[in-house]
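Thanks for making time this morning.

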Amino acid sequence: MSALLEITSARKVFGGVRAVDDCSLSVEEGSITALIGPNGSGKTTLFNLITGYLGADGGEFRFRGRDVTGSDPGRLYRHGLTRTFQQARVFPHMTVTENLVAAGGYRWRDLLVPRVSRRDRARAEVLLEEFRMTHVAELQAADLSYGQRKLLEFAAVLMSEPRLVLLDEPTAGVNPVMIETMERHIRERNGVGVTFLVVEHDMQFVMRLCNPVVVLNNGKEIFAGSPADVQQNPMVLDAYLGT
Ligand SMILES: Nc1ncnc2c1ncn2[C@@H]1O[C@H](COP(=O)(O)OP(=O)(O)O)[C@@H](O)[C@H]1O
Ligand SMILES: [Mg+2]
């Protein structure tokens, strides 16, 4: 077993709130690991620390065996670590194709002139086909349904050929058919070696797809184990029932 991502004693304090509190966890290479926990337990903050969107107040972050503590999102992205957001972030006034190409890691001025590589254009086309979005390729992202925007955001993170993808609530607000689509894409990508860390409230989705399941409460890992074990663990039940 080897950890692709290893977090040791991470901390983040907002005012008096210890959002992430001496939290240690690891994500094994090749896994689809779930990160669950009650609202406010620190899941999104932990994602922000892992991906460099927020600086940690303490702790060590290792990715692919290297110390990446304090790295910015761009550097981590080039290293193979990428994410989606709880509220899908796409460029609303760019087309679907442009959104994909932009996700290839270009600077703004590269997008204004035809400097985008043929390889990235081809890659965008392959993703459009794979995600069955060819028919909406020239629509502005703002004109997509919410579910389609989430799917586009997911397709966009695959432009960089990541090693580890963090998904923050991929199915929230998404219709059942789109949830199945999302699930299929996660499985397919995992099958070709992409590791996932997924924050998700839909427990059926988690139980079907993820192993192990890591449970966060008050900014700390309180349990990590198989989906079957997690459902029977008294600490986890207490955390959810608030007793
Ligand atoms: N930018 C922020 N400023 C102040 N408090 C924050 C901020 N972000 C999160 N928090 C607080 O940190 C705690 C963890 O929040 P969050 O990471 O969003 O939890 P989750 O994603 O598990 O619902 C909560 O108490 C939340 O109110
Ligand atoms: Mg959250």
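By class, the shell around ligand 1 has seven polar residues, three nonpolar and one charged. This is a predicted model, so please keep that in mind throughout.

Which residues are they? Going up the sequence, we have Phe14, Val17 and Ala19, then Gly37, and then the run Asn39, Gly40, Ser41, Gly42, Lys43, Thr44 and Thr45.

Two elements, strand E2 (17-28) and helix H1 (43-50), each supply at least two residues of that shell. Which of them gives the most? That is H1, with three residues.

The largest nonpolar core has 61 residues. In general, nonpolar side chains in soluble globular proteins tend to be buried together. Within this core, Ala155 and Val198 have the most contacts. Take Ala155: if we leave aside its neighbours within four places in sequence, its contacts are Leu100, Leu127 and Phe131.

On to the whole chain. Its secondary structure comes to 10 helices and 10 strands. The radius of gyration is 18 Å, close to the 18 Å that the globule rule gives for 243 residues, so the chain is as compact as a globular protein of that length. Along the principal axes, the C-alpha trace spans about 55 × 35 × 35 Å.

How much of the chain is buried? The figure is 36% of the 243 residues. As for contacts with a separation of 6 or more, 68% of them are between residues 24 or more positions apart.

Definitions and conventions:
Residues are numbered from 1 along each chain as its sequence is written. Chains are lettered from A and ligands numbered from 1 in the order in which they are written. This is a predicted model: local features need pLDDT of at least 70, side-chain atom pairs count only at pLDDT 80 or more; totals for chains, interfaces and linings use all residues. A residue is near a molecule or strand if its C-beta atom, placed from the backbone, lies within 6 Å of it. Helices (H or I, at least four residues) and strands (E, at least two) are DSSP runs, numbered from the N terminus. Ala, Val, Leu, Ile, Met, Phe, Trp, Tyr, Cys and Pro count as nonpolar, Asp, Glu, Lys and Arg as charged, and the others, Gly among them, as polar. A nonpolar core is a set of buried Ala, Val, Leu, Ile, Met, Phe, Trp, Tyr and Cys residues joined through C-beta atoms within 7 Å. A residue is buried if 20 or more other C-beta atoms lie within 10 Å of its own, exposed if 12 or fewer, and partly exposed in between; C-beta atoms are placed from the backbone. Two residues are in contact if their C-beta atoms, placed from the backbone, lie within 7 Å. The radius of gyration is taken over C-alpha atoms; the globule rule is 2.2 Å times the number of residues to the power 0.38.
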